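Here are my notes on the model, point by point. Please read them with the structure open.

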Amino acid sequence: MQVLKFGGSSVATPDAIRSVASILQAKKTNEPLVVVVSALGKITDQLLQCGSLAATGNVTYKELIQSITQRHLDMARELVPVAIQSSILSFIIQQFNELEDICNSVYHLKELSDRTIARILSFGEQLSSHIVSTYLNTHGITNTWLDATKHIVTDSNYLKAVVNFPATNKSIQSVIPKQSDGLWIVPGFIASDEEGRITILGRGGSDYTAAIFAAALQASVLEIWTDVSGMMTADPREVKHAKVISRISYQEAMELSHFGAKVIYPPTLQPAMQLNIPVWIKNTFAPEDHGTIIESNIVHTKGTICGISSIANISLISLEGSGMIGIPGYSKLLFETLASCEINVILITQASSEHSICVGIEASIATKAKKALDKAFAYEINRGMVNPIVVEQDLSIIALVGDNMKNHAGTSGKMFGALGRNGINVRAISQGSSERNISAVIASADVKKAINVLHEEFFETTYKQVNVFIIGTGNVGSRLLAQIKQQQAYLQKNANIQLRVIGIANSRRMLFEEHGIDLNQLDRLDSAEPMDLQAFINRIQTMNLRNSVFVDVTASNSVANTYADLFLKSISVVACNKIACSSAYNNYQHLKGMATDRHTSFLFETNVGAGLPVIGTLNDLLRSGDAINEIHAVLSGTLNFVFNNYDGTRSFATVVKQAQDEGYTEPDPRLDLGGTDVMRKIMILAREAGARLEMEQIVNHSFMPASCMEGSVENFYSEMERQEAHFKKLYTEATANGKKLKFVANYKNGEAAVGLQQIDPQHDFYHLYGKDNIVLFYTNRYKDQPMVIKGAGAGAEVTASGVFADIIRAASV
Ligand SMILES: NC(=O)C1=CN([C@@H]2O[C@H](COP(=O)(O)OP(=O)(O)OC[C@H]3O[C@@H](n4cnc5c(N)ncnc54)[C@H](O)[C@@H]3O)[C@@H](O)[C@H]2O)C=CC1
Ligand SMILES: N[C@@H](CC=O)C(=O)O
């Protein structure tokens, strides 16, 4: 014996009913089949509306009945051959005449009792089951229509009737023999009381009918056919990569369904569950899909949780006060008051300090609850023993569900770690002793992000999604975008990172694409909306995507000033812009502190030495217990290039211009030539090493004539031409001494200085070619021979790759 139930969507259209027929045909079983049918999709709501309109004196119920009649007639005409249509058509018309008579009475009496509602609603299943039965009979699938109202016996609670199981089981067993190959079509949802008055079985009623038949007949399986391929690991409208759960226990299904997975309403499956009858969720429109089997004793081989669910529109009600500690009776009064107002409590937490009790309830009844509780606790509130009730709004519950969580350490750590890293504040937590569910109350605005974060953490072993927002598409930014484009597929395949660029901006335009910008179509930026920095930041925050990384590839002060707002939302920042880290020490520390507090990344490896691993190495030394005592370095790629290439045959200005054209200089090359860029870098290293250093404290022995540094960049170049003799003299003197010119930065004992030096051939800095940088770290462990880091220290390609590495580091946290 098998029982199958087809829901409203499975019988909503003629094609859907044809699919039902194919499914039944494919069964080819010798077992008896009972097929329970819901009303055509949306009909139950419309029938209810007919009753309500009539009861409120609104005559449009007649038009609504007309259109419902038409839908059923059209359905029958399309499905049943013309020659034999007349009997089903007259049945439909007769049923709707009856419905109209009932609604007319409601209209005249302006009275709509529960009994009448039950009667009105019963037409939906009566009609759909007759149409299905007739269609099947006329297409070679012989069946018997069985009136559920004659066999399911209930009390007279018309809208949520309670089944009399002994009478019902006996009646069903008497009409359906266990040993047969018959097929019965049964209307779901409807029953009758002992006087034969129609009753309905409440929410999920057709599932209940099916479960009642399955239990009465001790079916081998109960199949629930619907329009999705089973219960999923998360709501697929929220989580793109949600997967169907192939097997799940009854208890897990209960928990998941309670928390919003609307595929089934498990309480209605209770009769089948009590007898351990497996319940199989299948898709009428994709019958080849496996679906979900709900049964007992599931052994999950993978993972500790089977799904993630959520409930929206929650309010938290808090009862708090020092007068509660150690005094029994507060929770009794709280829950009694809520119960007396028929307020359902969805979640409960109480701290072991007994100082507060917090309950989650439906938001729509929060005001009613507060009023009732303030009244109930008026005495205690007036005496200051407890505070007036606090209601927090705009909240939702998210829950992890899984039998395997029991006695399995680490699930909640993983859950809250992932939420924390993404800046999702948890307002309340609840875990029952069954350890099958961990629930957290969070802001509704964070729900989508939270579910995705958790889904990724627990289910998506394939890859982690990282959402990147880049400002700056110049010299370095354009190379960064090219490198990301080249590596996206590689990262997904080899590093399990799906790196999506969601926003790009420069000083003129900004472009967003929630599902990732196609990096082959970057010219779209030229016609995108005008750049507005605040709007760009707001957009990142409101998109609220998980694993968001902001990348600053500008040299802009205003962009650097946005980092704090980003950290507030736990968004990681990667910057090659040096302004933030070389700003006032307090600001630098504040930003680093914020990033740490928010468990997010602030990475700026390229601030010193471009793509060279300078800051990372320094931090590794410190983390492993070493201390930086001295730093000696050549930190300007531009100046090293200039002094390596200037020999008096071309003007100094021409060589500087070449450095700029090759992408080594700052957007404003005067910062390189005047030494500011090197001052920033040595200060950043000193700060990272633990020194509290400001720019004003660094001594700069500048070699630039003051006149070159005044006015515009144009003036800078023309004045350098005029001062050629000065640069030639510097060069000639050094060469005459057998030395090379290097712009050197030194740090020792909390003091730093930068300046041009003549370097002799024995020095580590002498053989430093092209645009290379070199850094010598003298530490407690590297006393005599320093740790040396050397290599290309400027250039768009290497800098972009350093930024890219920081993005991947931020993504890998
Ligand atoms: N070139 C190199 O070797 C290295 C450069 N860097 C740093 O990289 C950063 C970028 O350098 P480049 O790409 O050479 O500069 P660039 O001048 O070529 O590009 C700067 C980009 O930032 C955009 N931008 C500037 N201000 C903006 C604002 N307020 N809002 C939106 N967009 C804005 C510009 O439109 C442009 O797209 C600089 O901070 C530099 O210090 C760091 C290490 C090495
Ligand atoms: N302009 C800088 C680039 C790297 O920070 C340099 O020349 O070193």
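1. Start with helix H10, residues 330-340. This is a predicted model. The buried residues of H10 are Tyr-330, Leu-334 and Leu-338. Down the helix axis they fall within an arc of 60°, so they line one face of H10.

2. Next, ligand 1. It has 32 residues around it, and Gly-474, Asn-475, Asn-506, Ala-555 and Pro-667 come nearest. Helices H15 (475-494), H17 (557-560) and H27 (796-811) each give two or more residues to this shell. H15 gives the most, with three.

3. The shell around ligand 1 draws on two domains: at least three residues come from each of domain 3 (464-599) and domain 4 (614-794). By class, the shell holds 14 nonpolar, 16 polar and two charged residues.

4. Last, ligand 2. The residues around ligand 2 include Ala-610, Ser-636, Gly-637, Thr-638, Tyr-664 and Thr-665. Also among them are Glu-666, Asp-672, Asp-677, Gly-793 and Ala-794. How does this shell divide by class? Three residues are nonpolar, five are polar and three are charged.

Technical notes: Residues numbered from 1 in each chain as written. Chains lettered and ligands numbered in written order. Predicted model: local features only at pLDDT ≥ 70, side-chain atom pairs only at ≥ 80, totals over all residues. Near = placed C-beta within 6 Å. Nonpolar A, V, L, I, M, F, W, Y, C, P; charged D, E, K, R; others polar. Helix = DSSP H or I, 4+ residues; strand = E, 2+ residues; numbered from the N terminus. Domains from an automatic or database assignment. Buried ≥ 20, exposed ≤ 12 C-beta atoms within 10 Å, placed from the backbone. Arc of directions from axis to C-beta.
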